[in-house]
Amino acid sequence: MIEYYVQSASSFAGDIDNLFLVITLIIGFWFFLVFGIFVYLMVRYRRKDGVKAKYITGEKHSETKWTHYPHYAVVAFDVVIIAINILVWVDIKQTLPPRDNLVRVIGQQWSWSFIHAGPDGELDTPDDVATVNDLHLKVGETYHYELQSRDVLHNFAVPAFRLRQDAVPGRTISGWFKPTKTGTFDLQCAEMCGYGHGIMGAAVTVHSEESFNATMAQIQKGSYESHYQKRMGTKTDLPSKTSHIGKEDSFAALLASIF
Amino acid sequence: MSQEAATVQTDIHEEHHEELNFLHKYILPTDHKIIAMQYIFTGMIMAIIGGYFAYAFRMQLAFPGELVPFYGLVGPGEYNMLVTNHGTIMIFWVAMPVLIAGFGNYIIPLMIGCDDMVFPRLNRLSYQIFLVSALVLILSFFVKGGGFGGAWTSYPPLSSAAEYSLTDWGSSLWVLAVALEFVSFLLGGINFITTTMNARAPGMKMMDIPIAVWFIVLAVILFMASVGPLIAGAVMLFMDQRIGTTFFLPSGGGDPLLWQHLFWFFGHPEVYVVLLPTLGIVADIITVFARKKLFGYRTVLYTAFATGGLSFVVWAHHQFIAGIDPRMANVFVVTTVLISIPLAEMMFSYIATLYGGSIEFKTPMLWALSFLAAFLIGGVTGIYLGASALDVYFHDSYFVLAHFHYTFFPITIIGMFAAITYWFPKMFGRMMNETLGKIHFWGTFIPFNCIFLPLFFLGLAGQHRRIYNYNHFPDLATQELQDIRVFATASLVVMLFFQLIFIYNFFVSMFKGEKAPNNPWKANSLEWSIPSPPPHGNFKTLPTVYRGPYEYSAPGRDLDYWPQNEPPEKS
Amino acid sequence: MSMRGPIATHRSATGIPTGRLGTWWLLASEIFIFGGLIACFILFKLNGTPGFEDASLTSVTAGAINTFVLLTSSLSVVLAHAAIEKGDREKSFKYIWYTIGFGLVFLIIKTYEYTGKIIHGHTITDNLFWSFYYTMTGLHALHVIGGMVIMALISFDIRKGYNFQRVELIGIYWHFVDLVWIFLFPLFYIANF
């Protein structure tokens, strides 16, 4: 169902989509069952003249079984959901498969910086490639990311990868993903980070081997056009930290008019 | 003296039935009924502000960058301020005052058969603190820099440093208002618990207390046990903002995640704090209008205990991807999904109550049943979010937003309307117009679903929250998704329009409605045994209770109800 | 003695007087506030946050004297309660004011300590340890001051002959304030765990 709206472009996107499907089936069953009974009871036992309601305490075993048996079934389904969920979770967040490549992701108010490890696969070496709001990845490689924040909480979210992770100032959070599809996808900041939270996006471009190398070379030469800028067209009206000051008067005046 | 006081019996009648002047009756009342009205009216005014904010930011989402009629331009800073304060107001200044403080104040003394709260002046004080807190919050919208815009969760460092939030005094006044509101509810809560424990009418055993009272008291206990650490946290946050300490700033050795733990340790029980009163009110309403005994009174009660207890050990499900140890997440997945066990049992009991009933679809009953239906959706979608691996995709997306609006909207708005339409005859001595009530019901319930069902699909599309303009995200700026946003906004406008009918009905019925008898719904609980509206001091003589509150359609009786204070016939 | 307030106040379905029950619930909620702060403090300490070794700079002597003063004041408030149970208003009045006096001594020593620390540059923003130190002892001192004010009000009430039960209630509250200090003292003065 998720795939109808968003492409699935990472190795674990399918697992999450399947988990979603399993839970949808389970709760869909329960929802329609309970809702059906609910509607049936409302219609069947609507008030009719001369018909008195039954007197049922719901304390006797013969009565409570009607709520207890479905209740045991709920427990059983819960166990299924927990089990499948933990399998997927352990795979995505708890284990770190061996890496092919490395990237450092730094969030700050209100942009993303990316430091690509370069050919040697290590960060903080001279061949690192730094970009702003543009993440370039090679398809089919397992990436590790080091997530940092310079100021407040941010969230490194790439819906197409089914990936979200908070960036916490003062910590470096590691994780992994493996892009499986070429193309350009949205990267969002999914944690409230202040005034410019609404414009804090970036572009994630997954390249084939050749295209990746070409892009990296372009960046190093300086003849590179930002994918993010291209995608945004003219829409990048980035507000500056001070541009809004003095704007609040219109708002205050309007609010004041209702009091 | 104290022993002496304990033995005082029901026959004291003294000076407090004298006529009070206007100031002492309405401005500085100690009568629980007047204080209840103050809470309810304050809550409703705040609901109008919260609704207006929702209108403004939904319009911005549907028509980004356009002037919003009756508001103006919504820029990114204002948008943040609007969503932040919409959430804050709706939870702390609408759900809690109306459902807990308002209806708690109104129905607890009436339902347990006593003349007032045990500490009437404490009660008045708690309302006054609450009023101050509401004024401080409103003030915070007008200070330089604008109102606080760091989301209702106010995660530091954003909320703790003006250089990040750009709302220097807005954030501080926000924290101050929230802390004052907590103090007010702590004081009010002490009153509720003590009243219910000590001032019950003679003969009213623990299992004769109406579920509505039980649940409000349980909610207050949950609140009391969860809010303490957050009050401490609020003090720390305020000091970070104003004095320059570094409790939550990593640069000074602090930890931003600490606030998240303190906040959600309170925040999750808080959901049940507002949920339980509505569940209690709904239990009372469905039994009255289905003429049925509540199915498994004890089961319902114990499941509420279990839910309340479990709610203290699930808080980290809000933080699965916040940087906590991923192994911890597994524990919280288990506890979170476990909550479905008592709550499912409770829902089954409510639905089983309808079996064999004689259901009359009066307005309060429509609200109560629609609560069950809507809350069912809210409940089952919670399972998705309790699963940590799905939270990797859904965290801070519109799926979360739709889910908790499917719980909070039924709790707050539907619960509020259910309670108001049910107790209106008792409160004002007049009946509400039934036809207008039903028009208002359908005009609210249908648009409500039209607003929030589509948002689940926006969530599936990966749309994240608190964004003032999705044009900055090409994958989300498609026509298909924009149509959904416009549809949701249009539904909101329709819903808000129908609220005018309610306001009209409310005020016209208050003054011109048909006079209400003592017991218009033929209900059992004690408040219906006295005149509508109840006089000062409530009961002429304190009632004696002979049975539980849900003895409807008892075999061998002609009447299908059996008031709690009606003496058993001697055989 | 006339009955004041609504009938509800004077009922007691649990057998516990309403005032005492209310006080217990008030203290229950206070426990969670102080408990939250203490838990945060301990978490930071266990995490080895830099600055927490400053606990050795606080004066154990001053802390110990203050502990002694507060414990004595608890005794005098108990004596005030015992006196009022026997109906001896003057004696109870006297003991309440002894308690207020001890509270004042506590605050004076506290002020002396604060001054010394601030002179040495250990202000509230120095590091997290001092932030916690001033926040928690400050919050505690506010409770001491609040208790003293309420005690003074009660002392005049009982002299006039009403609200005798409130001596017991303020006593319970005062014991709680004492108890909080018993937790704060080892955390800020002794502990180097």
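Author: Two residues are in contact if their C-beta atoms, placed from the backbone, lie within 7 Å. In this predicted model, two pairs of chains touch, and the most contacts are between chains A and B.

Reader: How do you know that chain A and chain C are not one of the touching pairs?

Author: No contact joins chain A and chain C. Their closest C-alpha atoms lie 13 Å apart.

Reader: How many residues take part where chain B meets chain A?

Author: On that side, 91 residues of chain B are in contact with 88 residues of chain A. Several helices of chain B each supply at least two residues, among them α4 (76-112), α10 (297-310) and α13 (363-386). The largest share, nine residues, comes from α12(B).

Reader: What makes up the side of chain B that touches chain A, by class?

Author: By class, this side has 54 nonpolar, 25 polar and 12 charged residues.

Reader: Which elements of chain B face chain C, and how many residues does the contact take?

Author: The contact takes 46 residues from chain B and 37 residues from chain C. The elements of chain B that give two or more residues are α1 (2-6), α7 (168-198), α8 (211-242) and α9 (256-290). Of these, α8(B) provides the largest share, 10 residues. By class, the side of chain B that touches chain C has 29 nonpolar, 13 polar and four charged residues.

Reader: Why is α8(B) called roughly antiparallel to α9(B)?

Author: Two packed helices are described by the angle between their axes and the distance between the axes. Here the axes of α8(B) and α9(B) come within 8 Å and cross at roughly 160 degrees. Angles over 145 degrees count as roughly antiparallel. The crossing angle therefore makes α8(B) roughly antiparallel to α9(B). The crossing is also left-handed, and the contact of α8(B) with α9(B) has 26 nonpolar, three polar and two charged residues.

Reader: What is the secondary structure of chain A?

Author: Chain A has six helices and 10 strands. One open sheet has five strands in the order β3-β2-β1-β5-β8, with mixed pairing.

Reader: What makes β3 and β8 of chain A edge strands?

Author: Strands β3 (129-132) and β8 (173-177) of chain A each have a single partner strand, so one side of each is left without a neighbour in the sheet. The twist in this sheet averages 25 degrees from one strand to the next.

Reader: How do you know that β1 and β2 of chain A pair?

Author: Two strands pair if at least two bridges are found between them. Strands β1 (residues 101-108) and β2 (residues 111-116) of chain A are joined over six bridges in the antiparallel sense. The count of six therefore meets the requirement of at least two. In one of these bridges, Gln108(A) has Ser111(A) of β2(A) as its partner.

Reader: In what order do the strands β4, β6, β7, β9 and β10 of chain A stand in their sheet?

Author: These five strands form an open sheet in the order β4-β10-β9-β6-β7, and the pairing is mixed. The edge strands are β4 (134-138) and β7 (163-167) of chain A, each pairing on one side only. From one strand to the next, the twist averages 20 degrees. Helix α4 (residues 209-221) of chain A packs on this sheet and touches β4 and β10 of chain A. The direction of that helix makes about 140 degrees with that of β4(A).

Reader: How do you know that β9 and β10 of chain A pair?

Author: The same test applies: at least two bridges are needed. Six bridges join β9 (residues 183-189) to β10 (residues 201-207) of chain A, and the two strands run antiparallel. The pair therefore meets the test. Among the residues involved, Thr184(A) has Thr205(A) of β10(A) as its bridge partner.

Reader: Why is His197(A) called buried?

Author: A residue is buried if 20 or more other C-beta atoms lie within 10 Å of its own. His197(A) has 29 other C-beta atoms within 10 Å, so His197(A) is buried. Its place is in the loop between β9 and β10 of chain A. Of the 259 residues of chain A, 41% count as buried.

Reader: Which residues does His197(A) touch?

Author: Not counting residues up to four places away in sequence, His197(A) touches Trp110(A), Cys189(A), Met192(A), Asn80(B), Arg466(B) and Ile467(B). His197(A) and Gln109(A) are 88 residues apart in sequence and 7.9 Å apart in space, C-alpha to C-alpha.

Technical notes. Residues are numbered from 1 along each chain as its sequence is written. Chains are lettered from A and ligands numbered from 1 in the order in which they are written. This is a predicted model: local features need pLDDT of at least 70, side-chain atom pairs count only at pLDDT 80 or more; totals for chains, interfaces and linings use all residues. Helices (H or I, at least four residues) and strands (E, at least two) are DSSP runs, numbered from the N terminus. Axes are lines fitted to C-alpha atoms, for helices over the stretch in contact, and angles run from 0 to 180 degrees between N-to-C directions. Ala, Val, Leu, Ile, Met, Phe, Trp, Tyr, Cys and Pro count as nonpolar, Asp, Glu, Lys and Arg as charged, and the others, Gly among them, as polar. Angles under 35 degrees count as roughly parallel, over 145 as roughly antiparallel, 65 to 115 as roughly perpendicular and the rest as oblique. A crossing is left-handed if the near helix is turned anticlockwise from the far one by less than a right angle, and right-handed if clockwise. A residue is buried if 20 or more other C-beta atoms lie within 10 Å of its own, exposed if 12 or fewer, and partly exposed in between; C-beta atoms are placed from the backbone.
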